[in-house]
Amino acid sequence: MKVKFILNGKPVELDVDPRETLIDTLRLRLKVKSVKRGCERGECGSCTVLINGNPVVSCILLTIQINGAEITTVEGLVGDILLEKLAKNFIDNGAIQCGFCTPGILLTAYAGIKQGKIKKSEDVKEYVNNLCRCTGYVKIIEAIAKTANEVWGHER
Amino acid sequence: MSVEFMFIGKRTPRKDAEAKVTGMLKYTYDLEVPGMLIGRIVRSPYAFADIRRIDVSEAVKMGAIVVTPSDIPQKPYNPRLVSINEVTFKDTYILTYKPRYLGEPVAAVAASSEELAQKAAECVKIEFEKIYKPILDPLEAIKPESPRIHEKIMKGDKWIEVENNIAARLDYDEGDVNRGFEEADVIVERTFKTGKRYHMQLEPKAVLVVLEPGGKLTIYTTTQTIHNTRILISQLFDIPESRINVIRVPIGGSFGSSIQTNYLVPIAVALALKAKKPVKIAYTREEDILDHSNFVFHFKIKIGAKKNGVFTAAEFINILDVGAHQVQPYPLLGTSLGWFISMYKWKNIRYRGIAVYTNKVPGCALRGYGAPEVQWAVETLVDEIAEELGIDPIDLRLKNYVGKGELFWGQGPTVKSIIKSDGVPELLLKGKEIIRWSERGHPSEKKGRFRRGIGVGRGFHTSGAGGPISGEVIDYTGCILKLNEDGTLDYITALQDHGGGTLDAHVKIIAEELGIPPELVNIATASTETTPYDVCTHASRGTYVGGECARRAAQIVKQKILEAAIRIIGRVVNPEALRIGYDKELKQAVVYVEGTDIKLTLAEIARTSWQRNWGTIGAFVSYRATSAPPSFTVYYVEVEVDTWTGKVKPIRVVAGVDVGTPINPDMVEGQLHGGFVMAWGMAFTENTAYDPLTGEIMGRGLITDYKIPTAADVPTPEEFTVIIAKTYEPTGPFGAKGLGEAAMNPAVAAILNAVYNAIGIRFYELPVTPDKIIEALKEKGELEW
């Protein structure tokens with residue numbers, strides 16, 4: 001089946017099997033490896049991508065479902081001010097350990113902050129439900145809340 | 001002891017951070033090579049059976065490469081090579097005609113795509129000779145009438161009979177236990193049972209095997225030990241080690257799940273050898289759950305104490321459910337005892353430990369190697385004794401704990417050291433103030449739907465498994481450090497970074513020793529053929545053992561740099577007169593003589609050594625630590641129990657740790673946060689339950705049914721306090737000790753002691769799910785419905 005979408009700002013046109021999941025299209029065909037396969041059940045969030053700006057798990061989505069959409073991964077946000085702020089706060093705050101969940105969490109946080117859904121640490125706890133097994137989330141929550149604060153100003 | 005450091009103790013970003021935030025870092029599953037086949041494993045649908053025949057004709061017709069047990073050397077092995085051969089029990093086969101757990105690999109296929117491989121795997125027909133009822137309870141398994149899961153296994157190089165499904169045993173006696181109990185004023189005896197937890201490391205296991213021209217094998221895999229992986233593959237396939245190269249690949253978490261070589265590695269090797277093509281296998285999450293999970297611990301512990309709070313005797317019966325195969329549970333019988341004996345001065349001890357086979361997924365180490373379980377049980381009992389005796393639980397701990405100057409058993413009876421650094425009193429007393437211990441109140445005073453409680457848990461973990469005497473555990477490491485021609489350095493080690501920043505810690509240690517900025521030190525890519533042997537990045541030894549090895553290498557390199565500098569300067573006679581440091585004006589490392597204008601940049605020295613043919617300045621060090629010191633941890637936790645729903649919420653956490661000198665405080669905090677949250681999962685949710693009839697993991701291994709904590713389950717950052725004791729470990733690099741496991745070990749105890757303080761109920765079986773809490777409240781008559 002023919003499918004068209006925008007990946008990280010560039011138009012993509014593919015002929016895919018209707019059963020193909022978006023994660024497979026991205027990883028196997030388009031070699032976008034920041035999208036990690038953690039569970040294939042939509043549970044862990046490692047494969048999160050932005051679809052028209054919203055965080056979506058790409059492992060339980062068929063590629064044909066995203067026809068016409070705009071897909072963004074961390075590769076596409078190099079140079080983006082908000083992502084760089086987030087990344088810097090993750091690094092400075094020690095919020096990265098094994099790094100497997102990091103791209104997915106960055107994207108979820110990016111969307112949450114951009115859409116004004118994350119303004120303080122309580123919002124992070126509600127909005128970011130990606131799994132991380134190393135950090136205990138504490139430094140991740142701090143790094144995201146700090147970025148949100150830089151963007152939206154201090155709110156408690 | 002307080003020492004001023006240049007880099008150690010400072011917060012510094014990790015070297016791999018940029019590659020991680022940009023998603024550019026390649027994990028094993030991300031690797032691809034041209035012409036690579038994808039492998040899939042055919043697994044037994046029964047937990048205990050005999051296979052008559054495996055029909056692969058359909059799969060072969062599809063063009064798949066197929067291997068069955070008949071294609072593979074039928075040599076029993078143990079996938080974990082940390083203990084010495086004489087005490088390594090071997091009962092596993094790469095593929096088997098006698099599956100002993102549901103999901104055990106019986107055949108494997110490889111094809112050009114995952115889809116084709118999956119189709120081929122589904123075409124493999126298994127004809128069963130006999131299907132047995134699975135034995136899932138170790139107490140059932142040890143009955144003489146129970147069928148034997150294994151009949152003969154190998155211990156070292158000898159075949160031994162397995163009786164009553166007992167895989168291994170260890171007994172220990174010290175003093176006169178019977179008399180000790182006679183002298184006791186109070187005796188408390190309890191039985192405990194843990195869940196069968198799954199590591200749930202974010203990256204499922206994967207492997208890529210590449211056949212190089214000339215037949216050499218290159219292996220990329222999710223492992224904590226590249227060297228033991230190479231040794232195992234060499235032994236299994238009779239290939240010389242020099243013809244196998246295992247590459248270190250970044251790993252997406254591990255927590256002990258790859259101390260052993262994961263089962264897919266030898267399977268992929270067998271497929272690649274048969275296909276004569278590269279083969280990659282990556283588990284799905286459901287397969288990963290069938291590859292590894294923790295042991296189940298059944299404890300019976302009895303402790304006696306006098307009125308004055310002195311212990312008189314302890315008896316510890318430990319029945320380990322090891323699952324269908326041994327991933328070295330024998331040393332776990334030793335460490336369980338070691339953790340127990342090193343907690344408190346029991347005076348008289350009786351220990352009976354058996355490891356028992358059941359038809360479950362083979363159990364393996366999971367962060368703490370029995371310590372979280374033992375410390376949960378012991379810290380529960382100590383609280384109970386304190387209450388019976390009317391002594392403050394903190395005072396009772398301070399009175400009896402094994403501390404400075406005393407013998408610490410670390411990793412079992414053959415790994416003993418004298419404790420030289422001890423932050424326990426500082427942590428217990430400081431934490432008590434911060435959590436406001438005195439205001440915690442008694443459970444009987446607490447009423448209403450939401451009830452809060454405060455609990456404490458004290459424990460430790462070793463730093464490695466070294467020691468003055470060579471015991472049953474292998475523990476040594478090695479590294480190479482060389483000065484490059486421009487004054488930068490390459491650091492070469494086989495140790496792995498699971499995410500905790502181990503190798504970054506080494507870089508800081510090297511930088512500190514040399515007095516140069518960490519940016520000058522490169523962490524080199526590593527493989528078995530380019531690194532000296534290291535046993536494994538496990539046992540919280542990365543910083544303590546690996547870091548000290550790196551420091552020693554830096555010390556040698558420093559000496560050689562100074563000697564080269566003397567040669568260049570010409571006038572200085574004694575290397576001790578020279579200093580190395582970072583020159584802020586020149587923005588580089590320099591060698592100088594204090595009080596003079598003599599100054600040489602490191603780059604000049606390196607360049608001169610190169611240009612004048614003086615040779616490479618470098619060091620090769622192989623190192624075994626002479627001690628395995630404890631890193632102590634004290635957790636104070638406040639929880640809130642919702643007595644209507646049985647749900648528990650963390651309110652405040654005070655995590656105190658004695659790691660000696662913290663190399664990077666950010667990473668120390670990160671370990672404690674992660675350790676606490678993993679303990680929270682262990683306490684309340686994590687267990688892979690088995691269907692009693694089929695022996696299948698309930699929920700078919702889907703992680704939708706295996707809940708680990710999310711961000712919503714953790715305390716807010718402001719309510720998570722970390723305290724780092726001011727201690728200095730004389731045997732560690734710049735005073736440092738290990739942390740990864742200590743960070744978690746006593747947290748479960750603190751959490752459940754807090755639950756007791758909230759609702760007055762103790763739980764002896766993990767996980768403490770909401771229904772258990774509701775049931776217990778009902779029994780206590782606290783709920784009206």
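An axis is a line fitted to C-alpha atoms, for helices over the stretch in contact, and angles run from 0 to 180 degrees between N-to-C directions. Two packed helices are described by the angle between their axes and the distance between the axes. The model discussed here is predicted.

**The helix pair in chain A**

- Helix H2 (residues 81-92) of chain A and helix H3 (residues 102-114) of chain A have axes that come within 10 Å and cross at roughly 125°.
- Because of this angle, H2(A) is oblique to H3(A).
- The crossing of H2(A) and H3(A) is right-handed.
- On the H2(A) side, the contact is made by Leu82(A), Leu83(A), Leu86(A) and Ala87(A).
- H3(A) contributes Leu106(A), Ala109(A), Tyr110(A), Ile113(A) and Lys114(A) to the contact.
- The residues of this contact between H2(A) and H3(A) comprise 8 nonpolar, no polar and 1 charged.

**The sheet in chain B**

- In chain B, 4 strands form an open sheet with mixed pairing, in the order S20-S28-S29-S30.
- Strand S20 (450-462) and strand S30 (720-724) of chain B are the edge strands, each pairing on one side only.
- From one strand to the next, the twist averages 15°.
- Strand S29 (residues 648-658) of chain B runs parallel to S30(B), and 5 bridges join them.
- Val653(B) has Phe720(B) in S30(B) as its bridge partner.

**The helix on the sheet**

- Helix H16 (residues 665-684) of chain B packs on the sheet and touches S29 and S30 of chain B.
- The direction of H16 makes about 135° with that of S29(B).

Key
Residues numbered from 1 in each chain as written. Chains lettered and ligands numbered in written order. Predicted model: local features only at pLDDT ≥ 70, side-chain atom pairs only at ≥ 80, totals over all residues. Helix = DSSP H or I, 4+ residues; strand = E, 2+ residues; numbered from the N terminus. Parallel < 35°, antiparallel > 145°, perpendicular 65-115°, else oblique. Left-handed = near helix turned anticlockwise from the far one by under 90°. Contact = placed C-beta atoms within 7 Å. Nonpolar A, V, L, I, M, F, W, Y, C, P; charged D, E, K, R; others polar. Pairing = 2+ DSSP bridges.
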